[in-house]
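Open the model in your viewer and keep the selection panel at hand.

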Amino acid sequence: MPNTQTVAADTPADDAALLEETLEMVSSRSEDLTPDVYARFFSRCPAASGLFTVIDPATPPMGCGQMLFEIISLLRDSAAGKPYVASYMQQIATEHAAFDVRDPALYREFMHSLADVQATLLGPDWSPAHAQAWDRQIAALLRHLPDS
Ligand code: HEM
């Protein structure tokens, strides 16, 4: 019997389903991705921890859960083709300039940290199709940022 849990990844149109699939698997294996995602991000971009002045990344909850939640929501909504995403990303970029967050590489590294943490958690359940869907959707979201 075919495994109906696994979504075919022939086209980017499947990305929304592939993102949902990993998030669902992750939610049954981790109560909260926040500390792992921030730890991964700071290991990739050590200087970025100094940009956080309200949230202390070294003290529980080890990062801003609200920010992570919004990033995940944006990636899901972008994959689902929701039209608000472009203008909201531009708004985020403007607001974050006030936190000295201007380099698009920071956004790229943060979102790839999210994908990496899921890959680690899911092990063999993280398929090449999942990885490609996350890569595509991260790239799509990054395209809404100003070049800075
Ligand atoms: C799509 C990408 C992003 C979204 C949607 C987003 C969203 C948010 C939100 C909602 C907050 C307010 C959190 C709260 O009040 O609890 C926030 C704060 C903040 N974000 Fe982001 N963020 C994004 C990317 C980034 C990146 C890549 C960085 C890189 C360092 C960053 C750094 C910060 C900082 C420094 C704050 C202020 C909190 C503090 O100073 O402790 N954000 N972000």
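For sorting side chains, Ala, Val, Leu, Ile, Met, Phe, Trp, Tyr, Cys and Pro count as nonpolar, Asp, Glu, Lys and Arg as charged, and the others, Gly among them, as polar. The model is a predicted one: local features need pLDDT of at least 70, side-chain atom pairs count only at pLDDT 80 or more, and totals for chains, interfaces and linings use all residues. Residues are numbered from 1 along each chain as its sequence is written.

**Stop 1: the ligand**

The shell around the ligand divides into 15 nonpolar residues, 3 polar and 1 charged. Of these 19 residues, the nearest are F52, V54, I55, Q66 and M67.

Now colour the helices (DSSP runs of H or I, at least four residues, numbered from the N terminus). At least two shell residues come from each of α3 (65–79), α4 (85–97) and α5 (104–122). Which helix supplies the largest share of the shell? It is α3, with 5 residues.

**Stop 2: the nonpolar core**

A residue is buried if 20 or more other C-beta atoms lie within 10 Å of its own, exposed if 12 or fewer, and partly exposed in between, with C-beta atoms placed from the backbone. A nonpolar core is a set of buried Ala, Val, Leu, Ile, Met, Phe, Trp, Tyr and Cys residues joined through C-beta atoms within 7 Å.

Select L19, V37, M111, L114 and L141, which touch the most other members among the 24 residues of the largest nonpolar core. Helices α1 (15–27), α2 (34–44), α3, α4, α5 and α6 (128–142) each supply at least two residues of this core. The most, 6 residues, come from α5.

Stay on V37. Not counting residues up to four places away in sequence, V37 touches G63, L68, S113, L114 and V117 (contact: C-beta atoms, placed from the backbone, within 7 Å).

**Stop 3: E109**

Next, select E109, in helix α5. Is E109 buried or partly exposed? E109 is partly exposed because 18 other C-beta atoms lie within 10 Å. Leaving aside neighbours within four places in sequence, E109 is in contact with F41, R44 and C45.

**Stop 4: the whole chain**

Zoom out. The protein chain has 6 helices and 0 strands. Of its 148 residues, 24% are buried.

How values were computed. A residue is near a molecule or strand if its C-beta atom, placed from the backbone, lies within 6 Å of it. Two residues are in contact if their C-beta atoms, placed from the backbone, lie within 7 Å.
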